[in-house]
Amino acid sequence: SNERSLNFLEEIIEKSLADGAVKQIHTRFPPEPNGYLHIGHAKSICLNFGLAKRYGGLCNLRFDDTNPVKEDVEYVDSIKEDVNWLGFQWAEEHYASDYFEQLYDWAVELIRKGKAYVDDQSQEEIRLNRGTVTVPGKESPWRNRSVEENLDLFARMRAGEFADGEKVLRAKIDMAHPNMLLRDPIMYRILHSEHHRTGDKWCIYPMYDYAHGQSDSIEGITHSICTLEFDVHRPLYDWFIQQLGIFESHQYEFARLNLTYTMMSKRKLLQCVQEGIVMGWDDPRMPTICGLRRRGYTPESIRMFADKVGVAKRDNVIDLGLLEFCVREDLNKRAERRMAVLNPIKVVITNYPEGETEMISCVNNPEDESAGHREVPFSREVYIERDDFMEVPPKKYFRLSPGNEVRLRYAYLIRCNEVIKNEQGEIVELRCTYDPMSKGGQSSDGRKVKGVIHWVSAPHAKEAEIRLFDRLFTRESLDDIEEGKTFKDYLNPASLTVMKGYVEPSLAGTAPGSKYQFERIGYFCADKDSSIEKPVFNRTVTLKDSWSK
Ligand code: ATP
Ligand code: MG
Ligand code: MG
């Protein structure tokens with residue numbers, strides 16, 4: 001029933017279900033609420049929720065909120081909205097902070113077993129004494145404190161007797177271990193900082209490596225899926241679980257999503273927002289899920305993209321063109337067609353009765369018959385696209401030119417007779433005649449007219465603000481920027497072009513988020529700034545791939 005072969009995670013899951021090692025799979029998506037979700041997170045969401053769905057399992061949403069300094073409820077709310085919007089519903093909603101008491105008890109248990117100790121060295125000393133890959137680390141002078149002393153100090157750390165950085169709790173593993181992460185990793189640090197959920201209840205906070213695996217275990221996560229850079233953390237993940245003898249969650253790593261021309265560091269995206277480089281987290285040029293949503297992406301297109309990217313075991317970079325391909329595919333099926341003229345030139349049809357309006361029937365979506373038809377007004381004056389006229393056309397130019405005939409989509413054939421210019425020699429108007437027998441677009445005598453152009457009736461047209469977006473960066477890779485430069489040196493100055501265009505009257509008052517194909521131009525989405533008085537449309541994507549090759 002599948003068109004594609006199983007990816008390595010599906011193979012692992014099918015094997016563990018088949019041999020009975022796992023009865024029901026349980027995954028989780030574990031964001032840190034320190035920013036908005038981006039397309040990389042979407043990949044992870046589709047993977048975790050998708051696997052649970054495919055194998056009749058469950059997927060939790062867990063907020064990895066162990067660093068109070070950078071976290072906020074604003075981010076929690078946006079993350080929930082984005083996961084839902086992508087089309088997924090979590091089985092359980094959890095917060096690592098809900099496990100602080102349990103994690104503390106387990107830390108005490110490790111102290112009792114002689115597997116953890118309080119260290120008085122500064123973070124800097126700890127770092128320097130960790131050694132290098134080739135040089136073993138130096139044991140801390142505090143490493144062999146008695147269990148009693150460690151229990152006492154750890155309790156006093158919790159009670160707030162020490163300042164930030166004065167002490168840490170470390171796992172007692174092996175200061176000469178070839179894997180640097182096992183050289184007595186820090187489990188707790190002191191941070192007198194208010195937490196967005198636990199307030200000032202805690203002044204010690206668990207480190208990622210200690211909190212993550214134990215949270216997985218508490219929730220009975222069978223497949224803890226994370227990105228490749230965590231593969232070196234896996235032995236530590238397993239070590240804590242083994243020492244505590246708790247439910248054995250297992251970690252599996254896949255390659256994170258990298259996209260050309262796209263920056264996915266939350267810290268740097270925050271910088272773009274804070275410095276006003278973009279309009280906000282939901283700026284349509286941002287790779288955030290809310291940015292893509294505002295741009296006009298659909299959940300279906302993002303899920304299709306995640307599926308096409310697949311699951312790799314090795315780092316790679318995906319062409320941004322693939323994401324655009326997916327939204328084009330999806331919108332082609334679902335977006336109704338409308339006519340809009342972005343760069344207008346006026347056409348006066350001299351033999352059309354003055355003051356008359358007639359309604360022209362237009363197909364809403366040639367890909368979807370059920371979308372039906374709509375009536376669009378036509379009159380003596382219409383706007384056409386400036387690009388659809390050439391005074392001195394090259395060979396094989398089938399659009400409008402002096403003496404030449406073209407078809408106005410769904411309406412009539414017109415012929416250009418006269419070009420009106422202003423004093424600067426710019427074309428301001430075209431005088432044409434129409435063939436009254438050609439309504440719907442066919443000539444009555446069988447003469448062939450190749451060119452078809454779109455139009456909007458001038459007296460009926462609605463003025464609209466059109467926002468054309470391009471890549472935010474001019475550089476394909478933002479991960480290997482040379483010394484002395486930052487991502488700000490590679491901002492695309494033309495990433496946003498605002499135009500004044502004319503749209504069909506039916507587009508006035510269209511609800512924000514409505515998606516259309518503007519015939520011959522691209523896919524557009526009504527922006528949240530749009531109003532009846534002033535419609536605003538974002539270009540989601542051009543009709544054809546114009547740059548990735
Ligand atoms: P940053 O380092 O910018 O803070 P992060 O990866 O730490 O980002 P988290 O909130 O911790 O952000 O990520 C939540 C989940 O999403 C993690 O499981 C992480 O592996 C996954 N994830 C984040 N970025 C990507 C990506 N580019 N591709 C695939 N998965 C990703
Ligand atoms: Mg992070
Ligand atoms: Mg992370």
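Two strands count as paired when DSSP finds at least two bridges between them. The model shown in every view is predicted.

**View 1. Strand S16 and its two partner strands.**
S16 (residues 405-408) pairs with strand S17 (residues 413-421) in the antiparallel sense, over 3 bridges. Within this pairing, Arg407 stands opposite Leu413 of S17. The two strands form a hairpin with 4 residues between them, and Tyr410 in the turn has a positive phi of about 70°. S16 is also joined by 2 bridges to strand S19 (residues 452-453), and these two run parallel. Here Leu408 has Ile453 of S19 as its bridge partner. In a regular strand, side chains alternate between the two faces of the sheet. In S16, Glu405 and Arg407 point one way while Val406 and Leu408 point the other, and all are buried.

**View 2. An open sheet of 7 strands.**
The strand order is S10-S23-S24-S25-S21-S22-S11, and the pairing is mixed. Strands S10 (336-338) and S11 (340-341) stand at the edges with a single partner strand each, so one side of each has no neighbour in the sheet. Strands of a sheet pair through backbone hydrogen bonds, either parallel or antiparallel. Strands S21 (residues 462-469) and S25 (residues 536-542) run parallel and are joined by 3 bridges. Arg467 has Asn538 in S25 as its bridge partner.

**View 3. Helix H6 and the elements packed against it.**
H6 (residues 147-158) has 12 residues and reaches 17 Å from its first C-alpha to its last, close to the 16 Å expected at 1.5 Å a residue. Its buried residues are Asn150, Leu153, Phe154, Met157 and Arg158. These lie on the same side of H6, because they cover an arc of only 140° around the axis. Gly160, which follows H6, has a positive phi near 90°.

**View 4. Helix H8 and its buried side.**
Leu236, Tyr237 and Phe240 are buried in H8 (residues 234-244). Their arc around the axis is only 110°, which puts them on the same side of H8. The buried residues of H8 pack against helix H7 (208-219) and strand S9 (250-254). Just after H8, Gly245 takes a positive phi of about 60°.

**View 5. The largest nonpolar core and another core apart from it.**
The largest nonpolar core has 93 residues, of which Ala42, Ala340, Tyr383, Ile384, Ile414, Trp455 and Val456 touch the most other members. Helix H2 (residues 39-54) supplies the largest share of this core, 8 residues. Another core, of 30 residues, lies apart from it; among its members are Leu103, Tyr117, Val118 and Met187. Leaving aside residues up to four places away in sequence, Val456 touches Met339, Ala340, Val341, Val382, Tyr383, Ala461, Tyr502, Val503 and Glu504.

**View 6. Residues 452-527, a span annotated in UniProt.**
An unreviewed UniProt entry annotates residues 452-527 as "domain: tRNA synthetases class I (E and Q) anti-codon binding". In the model this span is 0% helix and 38% strand, and its end C-alpha atoms lie 29 Å apart.

How values were computed:
Residues are numbered from 1 along each chain as its sequence is written. Chains are lettered from A and ligands numbered from 1 in the order in which they are written. This is a predicted model: local features need pLDDT of at least 70, side-chain atom pairs count only at pLDDT 80 or more; totals for chains, interfaces and linings use all residues. The expected span of a helix is 1.5 Å times one less than its number of residues. A residue is buried if 20 or more other C-beta atoms lie within 10 Å of its own, exposed if 12 or fewer, and partly exposed in between; C-beta atoms are placed from the backbone. The arc is that of the directions from the helix axis to the C-beta atoms. UniProt positions are given in the numbering used here, feature names are shortened, and annotations may be inferred rather than shown by experiment. A nonpolar core is a set of buried Ala, Val, Leu, Ile, Met, Phe, Trp, Tyr and Cys residues joined through C-beta atoms within 7 Å. Two residues are in contact if their C-beta atoms, placed from the backbone, lie within 7 Å.
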